[in-house]
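Please find below my notes on the model. They are set out as numbered points.

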Amino acid sequence: MSQHLTALYDTRVAEGLLRPDPAQRAAMARLESVRERLEQEAPQRSGFLARFRKAEPMGKQGLYLWGGVGRGKSMLMDMFFQHSGVTGKRRVHFHAFMQEVQAALHEARKTGVDDAIKPVAEAIARDLKLLCFDEMQITDIADAMIVGRLFERLFEAGVVIVTTSNRHPKDLYKDGLNRQLFLPFIALLEDRLEVDELDAMTDYRQDRLAGEQVWFTPADTTAARAIDLIWNDLTGGREEALTLEVKGRDVPVPRFWAGQARMEFDDLCGKPLGPADYLALVGAVKLLVVEHIPVMGPANANEAKRFVTLIDALYEGHVRLVASADAVPEALYVEGAGAFEFERTASRLREMQGAGWGAASD
Ligand SMILES: Nc1ncnc2c1ncn2[C@@H]1O[C@H](COP(=O)(O)OP(=O)(O)OP(=O)(O)O)[C@@H](O)[C@H]1O
Ligand SMILES: [Mg+2]
């Protein structure tokens with residue numbers, strides 16, 4: 001018998017690979033019971049018909065693990081997946097899975113079947129005992145309208161489902177079109193899966209930044225590449241556009257993901273934005289990337305003044321800052337109106353590069 005998942009977790013902690021987190025350990029215990037059930041049941045499910053009989057009313061048929069970004073959901077699910085001894089297991093990004101389903105539906109409809117979902121679900125479930133989804137999220141109406149019947153079929157076929165998500169099932173497809181038609185899917189998830197929040201101590205992804213370089217100078221292509229790496233790590237390659245509404249105006253934040261934004265200095269300080277805009281931004285982010293901060297002089301007093309306001313707002317809000325600039329903070333603005341006050345800004349920028357900065361705000 002393979003190692004208990006909580007023991008595996010403890011081993012990783014003991015080896016110094018993971019920081020101990022009681023919420024993660026508890027999630028591992030729940031994943032362990034999913035695994036035990038899966039491995040016990042596997043032999044009886046070998047017959048084709050047996051697999052298509054109604055799922056027994058006993059217990060749940062998997063786990064829906066949700067919570068904030070960087071809490072370790074995907075990592076825990078991967079450990080579970082790797083150490084699940086069943087044959088017929090599959091781990092897939094939810095978005096990729098739905099694209100595959102839509103393509104298969106498209107093909108099936110060509111053959112003129114009444115209900116294309118049935119054969120597609122049966123094909124997916126064939127020889128499959130465990131399906132792990134990363135990042136369940138529903139934004140597309142075409143997906144929203146089919147997931148209910150699709151998952152019903154998968155559950156009926158006896159497939160065990162483990163999924164991660166940033167949202168509670170009740171908040172999936174929030175404010176989506178025809179949402180009432182989506183509600184049966186939520187009910188199904190809550191009925192068939194154990195729904196657990198992973199309330200881990202911190203955002204481990206952002207914590208990795210502690211002690212790392214966050215101020216890159218000069219703001220050249222080397223800096224841009226370094227920032228790309230950080231940004232991809234923090235967002236997992238995901239981003240969306242956000243619009244802040246400030247006093248009836250729209251302030252666009254084109255690159256945003258889960259409390260993290262990436263902006264150009266020019267868009268932040270080269271435009272007529274003011275304290276209210278920066279405060280709105282601080283309200284929306286825990287981490288801000290500002291690229292291409294220039295060296296400023298008397299001709300850029302307005303930009304410098306806005307930059308001071310921006311940094312004050314970020315500082316008060318304990319926002320983490322990652323930046324590329326043409327100089328170290330002290331040399332950014334030495335001459336011009338307000339250059340004396342800029343010294344405090346430079347000092348704050350130094351403090352914000354420290355290892356402990358922002359950690360307390362979680
Ligand atoms: N206890 C821990 N100690 C050290 N690193 C950890 C710990 N838990 C998670 N990590 C690391 O933190 C990063 C974020 O974890 P993971 O990707 O699993 O988060 P997530 O909850 O899936 O986030 P998201 O919702 O954004 O997908 C990973 O690189 C992971 O290895
Ligand atoms: Mg994840």
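1. How much space lies in the second largest pocket? The second largest pocket holds about 220 Å³ of space. A pocket here is an open set of points on a 1 Å grid over the protein atoms alone, where a 1.4 Å probe fits, with protein on both sides within 12 Å along at least five of seven lines; lining residues have an atom within 4 Å of a point. Grid points are joined across faces, edges and corners, and a volume is the space filled by probe spheres set on the points.

2. On provenance, this is a predicted model: local features need pLDDT of at least 70, side-chain atom pairs count only at pLDDT 80 or more, and totals for chains, interfaces and linings use all residues. Residues are numbered from 1 along each chain as its sequence is written, chains are lettered from A and ligands numbered from 1 in the order in which they are written, and side-chain values use heavy atoms, with hydrogens and water left out.

3. The lining of the second largest pocket consists of 13 residues, and those nearest its centre are Pro252, Pro254, Met263, Asp267 and Lys271. Strand 8 and strand 9 (260-264) are the elements that give two or more residues to this lining, and strand 8 gives the most, with six residues. Helices (H or I, at least four residues) and strands (E, at least two) are DSSP runs, numbered from the N terminus. By class, five lining residues are nonpolar, none polar and eight charged. For these classes, Ala, Val, Leu, Ile, Met, Phe, Trp, Tyr, Cys and Pro count as nonpolar, Asp, Glu, Lys and Arg as charged, and the others, Gly among them, as polar.

4. The largest pocket has a volume of about 1,000 Å³. It is lined by 41 residues, of which Val69, Gly70, Lys73, Asn166 and Arg238 are the closest to its centre. Two or more lining residues come from each of helix 4 (73-82), strand 4 (160-165), helix 10 (204-207) and strand 8 (249-257). The lining of the largest pocket comprises 12 nonpolar, 14 polar and 15 charged residues.

5. One open sheet has five strands in the order 2-3-4-1-5, with parallel pairing. Two strands pair if DSSP finds at least two bridges between them. Strand 2 (89-93) and strand 5 (194-197) are at the edges with a single partner strand each, so one side of each has no neighbour in the sheet. Five bridges link strand 1 (residues 62-66) to strand 4 in the parallel sense, and Leu63 stands opposite Val162 in strand 4.

6. Helix 2 (residues 22-41) packs on this five-stranded sheet and touches strand 1, strand 3 (130-134), strand 4 and strand 5; its direction makes about 160 degrees with that of strand 1. Touching, or contact, means heavy atoms within 4.5 Å. Axes are lines fitted to C-alpha atoms, for helices over the stretch in contact, and angles run from 0 to 180 degrees between N-to-C directions.

7. Helix 1 (residues 5-14) packs with helix 2 at an angle of about 145 degrees, the axes being 8 Å apart. Leu5, Thr6, Tyr9 and Asp10 of helix 1 meet residues of helix 2 that include Gln24, Met28, Leu31 and Arg35.

8. The axes of helix 5 (residues 94-110) and helix 8 (residues 147-156) come within 13 Å and cross at roughly 95 degrees. The two helices are therefore roughly perpendicular to each other, a term that covers angles of 65 to 115 degrees. Phe94, Phe97, Met98 and Val101 of helix 5 make the contact with Val147, Leu150, Phe151 and Leu154 of helix 8. The contact has eight nonpolar, no polar and no charged residues.

9. A second open sheet has six strands in the order 6-11-10-9-8-7, with mixed pairing. Its edge strands, strand 6 (215-216) and strand 7 (240-246), each pair on one side only. Strand 6 runs parallel to strand 11 (residues 320-325), joined by two bridges, and Phe216 stands opposite Ser324 in strand 11.

10. Two backbone details deserve a look. The peptide bond from Thr217 to Pro218 is cis, with omega near -5 degrees, and Pro218 lies in the loop between strand 6 and helix 11. Asp175, in the loop between strand 4 and helix 9 (183-192), has a positive phi near 60 degrees although the residue is not glycine.

Notes:
Parallel < 35°, antiparallel > 145°, perpendicular 65-115°, else oblique.
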